[in-house]
Amino acid sequence: MLITDTPPFVIYSYTGVATMPVPFSFYGLTTVLVAFKNSTASVTDPYTPLIANIDYRVTGTSVAENDSRQAYIRGEVTLTAAGMLKLQAGYAVMVYRDTPLEQQYSYTELDNFPAKSHENALGYAIVALQEIRAATERALQVPPGTESSEEVLNAIFATVERAEM
């Protein structure tokens with residue numbers, strides 16, 4: 001399965017519709033999670049997780065299966081009645097992927113090269129890297145060449161101290 005460069009999450013504004021598309025590829029139904037937050041929440045307020053198989057169900061489309069591992073090209077999240085009770089119109093609902101960081105495949109020496117298994121292993125690594133990239137893009141970072149984050153924090157604190165004088 002080829003993995004496209006799609007963000008590992010999507011945020012919907014809840015309108016009362018129970019079904020939301022999952023626009024990214026994922027490995028296993030349990031790797032798709034759902035969380036929400038109030039429409040008046042600030043940017044820094046965390047999302048509240050919904051509970052899989054109680055508040056929502058995940059289905060996948062275009063299943064590619066090899067070595068008993070299920071890969072889905074796209075899917076849907078369907079809220080249950082319990083999940084819908086927790087939401088109000090306008091709430092932000094985030095559907096995101098959380099892939100376990102583990103090796104999925106092992107090759108036997110001098111065996112036939114399993115091209116499909118190898119392709120699935122590469123796809124699995126790419127979806128995990130997409131999640132790491134998304135997390136890195138949200139993180140505060142120091143400029144390249146900076147010895148440490150402490151150096152940057154000291155410069156920020158010195159600037160604040162000068163401004164308060």
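Helices and strands here are DSSP runs, numbered from the N terminus. This is a predicted model. Helix α2, residues 115-138, holds Ile 132, supplies the largest share of the lining of the largest pocket, and carries Arg 133, a salt-bridge partner of Asp 5. The structure holds three salt bridges. The briefing takes the pocket, the salt bridges, a surface patch and a loop residue in turn.

**The largest pocket**

- The largest pocket contains about 360 Å³ of space.
- Three elements each give at least two residues to the lining: β1 (9-13), β8 (92-97) and α2.
- Of these, α2 gives the largest share, with four residues.
- By residue type, the lining of the largest pocket has ten nonpolar, six charged and one polar.

**Salt bridge Asp 5 – Arg 133**

- The side chains of Asp 5 and Arg 133 form a salt bridge, with 2.5 Å from N to O.
- Asp 5 sits in the segment before β1 and Arg 133 in helix α2, so this pair ties together parts 128 residues apart in sequence.
- Asp 5 counts as exposed, because its relative accessibility is 60% and the cut-off for exposed is over 50%.
- Arg 133 has a relative accessible area of 38%, so it is partly exposed.

**Salt bridge Asp 55 – Lys 86**

- Asp 55 and Lys 86 meet through their side chains in a salt bridge of 2.8 Å, N to O.
- This pair links distant parts of the chain, 31 residues apart.
- Asp 55 is in the loop between β5 (48-49) and β6 (56-66), while Lys 86 is in the loop between α1 (81-85) and β8.
- Is Asp 55 buried or exposed? At 1% relative accessibility, Asp 55 counts as buried, because buried means under 20%.
- Lys 86 is partly exposed, with a relative accessible area of 37%.

**Salt bridge Arg 97 – Glu 131**

- A salt bridge joins the side chains of Arg 97 and Glu 131, at 2.7 Å from N to O.
- Arg 97 belongs to strand β8 and Glu 131 to helix α2, so the pair ties together parts that are 34 residues apart in sequence.
- Arg 97 has 4% relative accessibility, so it counts as buried.
- Glu 131 is buried as well, with a relative accessible area of 14%.

**A nonpolar surface patch**

- Which residues make the nonpolar surface patch? Leu 101, Ile 126, Leu 129 and Ile 132 make it.
- The patch covers about 390 Å².
- Ile 132, one of the patch residues, is found in helix α2.
- Ile 132 has 42% relative accessibility, so it counts as partly exposed.

**Leu 29 in its loop**

- Leu 29 lies in the loop between β3 (26-27) and β4 (32-37).
- Leu 29 counts as partly exposed, because its relative accessibility is 35%.
- Leu 29 and Asp 45 are 16 residues apart along the chain, and their C-alpha atoms are separated by 27 Å.

Terms used: Residues are numbered from 1 along each chain as its sequence is written. This is a predicted model: local features need pLDDT of at least 70, side-chain atom pairs count only at pLDDT 80 or more; totals for chains, interfaces and linings use all residues. Side-chain values use heavy atoms; hydrogens and water are left out. Patches are made of residues with over 30% relative accessible area and no salt bridge: like charges are joined within 9 Å, nonpolar side chains (Val, Leu, Ile, Met, Phe, Trp, Tyr) within 5 Å. Accessible areas come from the Shrake-Rupley method with a 1.4 Å probe; for residues, only the protein chains shown count as cover. A salt bridge is a side-chain nitrogen of Lys or Arg within 4 Å of a carboxyl oxygen of Asp or Glu. Buried means under 20% relative accessible area, exposed over 50%, partly exposed in between (1.4 Å probe, protein chains only). On a 1 Å grid over the protein atoms alone, a cavity is a set of points where a 1.4 Å probe fits but cannot get out, and a pocket is an open set with protein on both sides within 12 Å along at least five of seven lines; lining residues have an atom within 4 Å of a point. Grid points are joined across faces, edges and corners, and a volume is the space filled by probe spheres set on the points. Ala, Val, Leu, Ile, Met, Phe, Trp, Tyr, Cys and Pro count as nonpolar, Asp, Glu, Lys and Arg as charged, and the others, Gly among them, as polar.
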